[in-house]
Amino acid sequence: MENQTETVDRRRRVILFPLPYQGHINPMLQLANLLYSKGFSITILHTNYNKPKTSNYPHFTFRFILDNDPHDERYSNLPLHGMGALSRVLLFNQYGADQLCLQLEQELSAKDEPSVSCLITDALWHFAQLVADSLSLPRLVLRTSSLFSFLIYASIPLLDDRGYLSLSDNTTTPILDGLGYHDLSDNTTTPILDGLGYHDLSDNKRLEEQVEEFPMLKVKDIVKMGFKREKDGVVGVIDNMVKQMKASSGIIWNSFKELEESELETVRRDIPAPSFPIPFAKHFTASSSSLLEHDRSFFPWLDQQPPKSVVYVSFGSIAQVEEKHFMEMVHGLVDSKQSFLWVVRPGFVSGSTWLEPLPDGFQSERGRIVKWAPQQEVLGHEAIGAFWTHCGWNSTLESVCEGVPMICSPFRGDQPLDARYVSDVWKVGVYLENGWKREEITNAIRRVMADEEMRERSRILKQKLDASLIEGGSSYESVESLVAYVSSF
Ligand code: UDX
C-alpha cells in the first residue's frame, strides 16, 4: 500500500466518521483502508474519546471533533468504560450537529485538499444525515452489524406493540436507562434480574414462542436484546438510525451476500438507496485500530498445541460479568478439560481489577489468559478448534471468516440475534440460552469441539466467503460497485 501512495494521484477524498467504540472503529478503518487502496484520499473525523493510534495510519488525515472542550460539562464526566461509556452515542447525536457542520464546511472549502466525494458515517450517527443534507453532501452509512439485526431493529415498534419489550427473562441485562441519564458514574453492569419472582409463568411460556414475523427467532431473543421502550433512550436512537439510513445515499454492510441472502433481498426491496455488503475482515485486519495493546506472548505456546485442540474465549470490548457468573465460566471451562486461550479484559469482572477471583494455579499447562489478543490472527491459527464468544458482530464474522465453530454467550443488543443465527440458521455453533451454568458450558464446549458435521458446515461457509472475494464473486463486485458509486459523486 505504501508504494501505491507514491504513484496514485488521489483527486477525490472521502470523509469517514466512526462511532468511537472498538466494534465500530475496526470496520470503519478497514473500510477506510479499502477506499485508500482504491485511490481515494482519506480524512477521519473522530472524538478524542477512544481515539485510535494515528501513527498506524500515516496515510490518513485525522480531525478530532465533538469533545474537544475539557470544560464542556455535557461530556467531561462521562464514564470511560463499561455500558455507561455508550452514553456518548445519545449525547453526541443530541448536541453534535453544529460542530459537525462547521467541520464539514471547512473540509468542503479547503483549497489544498482533494475535493470531497462523500461522507461515510456509522449508522448510529443518525444526526449526520440532516447535517449532510444541509450541505448537499452525499452521506453513506456503514452499518457495522448484520442485515438481519437491522431488519429486526427496524421492527422494534411492531415488536413493542406485541408486548415483547415489556417481558423479562432471568438472564437479561437491560441496557442502561436512557443511556446516559442515570448512574453514569457507575461503571458496573446494570443489575441482572435474578429470577426472584420477577417474571411470572405466563411470561416464561411466551419467551419460548416463535416470533411470527421472524420465525427463526424465539420471543426471548427479542427480550434478551435488553431494550425497554418506556424509559430507554436506546430505542429512540435505533428508530432514528433506521429512519436516517433509509434517507441516506447508500448503505455499506459488514457482511456478505451468501451469508444473508434473503435479508439482502428484503433490504434492497425496501430501501431505495443501494446496499454494498463487504466482509471487511477478509480485506484488512483490524489490528492497527486496536485501542488496547495486543499481547502476543502466548503464540509460542499456541504453536505447540495440536490442530483444532484449543478453545479461544473472548467477549469483545464492552461486556462485563458478575463474579458469580465468572466463576461459572471458570468451572465450565476447567471441567471441559480442553486447552484454552482466554481474553479477560481488565474490568471484565465487575468489582475486580483483573483476575482476583481466579483460584490459584488456574493457568496451568492447559490454558493461557491474556488481557487482549490479536483476535483475527488467533482465529486463523490452526490450533484453534472453537470460539466461545459473546457474538458481537465483528467476532461472529471473524469466526465465520476463519471457519471456526462457536459457543455463543450473548449479552445484549444484536448479540442474542447473532447467537440465534449462528446456532439455528447457519448451524455453526451452540447457543448457551440459559445464561451462565457450568454444566451447560462444559457440555457445549465438548460438543462443539467434537462435532465434525458442525466443523464441516463452518468450513463450507468459509469457502463460500472466500469464493465471493474472487473476481466475479459477490463481495468482489460489491467493492467494485461501491468504488464506482463513490467516484460518481
Ligand atoms: C460492539 C457490540 O457489543 C457488538 O454487539 C456490535 O455488533 C458491535 O459493537 P464488541 O462488544 O466490542 O462490539 O464486540 P465485537 O463486535 O465482536 O468487536 C470486538 C472487536 O475487537 C473485534 O474486531 C475483535 O477482533 C477485536 N478484539 C477482541 C481484539 O482485537 N482482541 C481481543 O482480545 C478481543
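1. A residue is near a molecule if its C-beta atom, placed from the backbone, lies within 6 Å of it. On that basis, 27 residues surround the ligand, the closest being Gly23, Gly316, Gln375, Gly392 and Ser395.

2. Two housekeeping remarks before going on. This is a predicted model, in which local features need pLDDT of at least 70 and side-chain atom pairs count only at pLDDT 80 or more, while totals for chains, interfaces and linings use all residues. Residues are numbered from 1 along each chain as its sequence is written.

3. Back to the ligand: helices H2 (22-37), H15 (375-379) and H16 (393-402) each supply at least two residues of the shell; helices here are DSSP runs (H or I, at least four residues) and strands likewise (E, at least two), numbered from the N terminus.

4. Helix H19 (residues 452-468) is worth a look. Its buried residues are Met454, Ser458, Leu461, Leu465 and Ser468 (buried: 20 or more other C-beta atoms within 10 Å of the residue's own; exposed: 12 or fewer; partly exposed: in between; C-beta atoms are placed from the backbone). The face turned away from the buried side of H19 carries the exposed residues Glu452, Glu453 and Gln463.

5. Most residues other than glycine have a negative phi. Leu66, however, has a positive phi near 80° and sits in the loop between strand E3 (61-64) and helix H3 (73-76); Leu66 counts as buried because it has 22 C-beta neighbours inside 10 Å. Lys427 has a positive phi of about 55°, in the loop between helix H17 (415-425) and strand E13 (429-431). With 16 other C-beta atoms within 10 Å, Lys427 is partly exposed.
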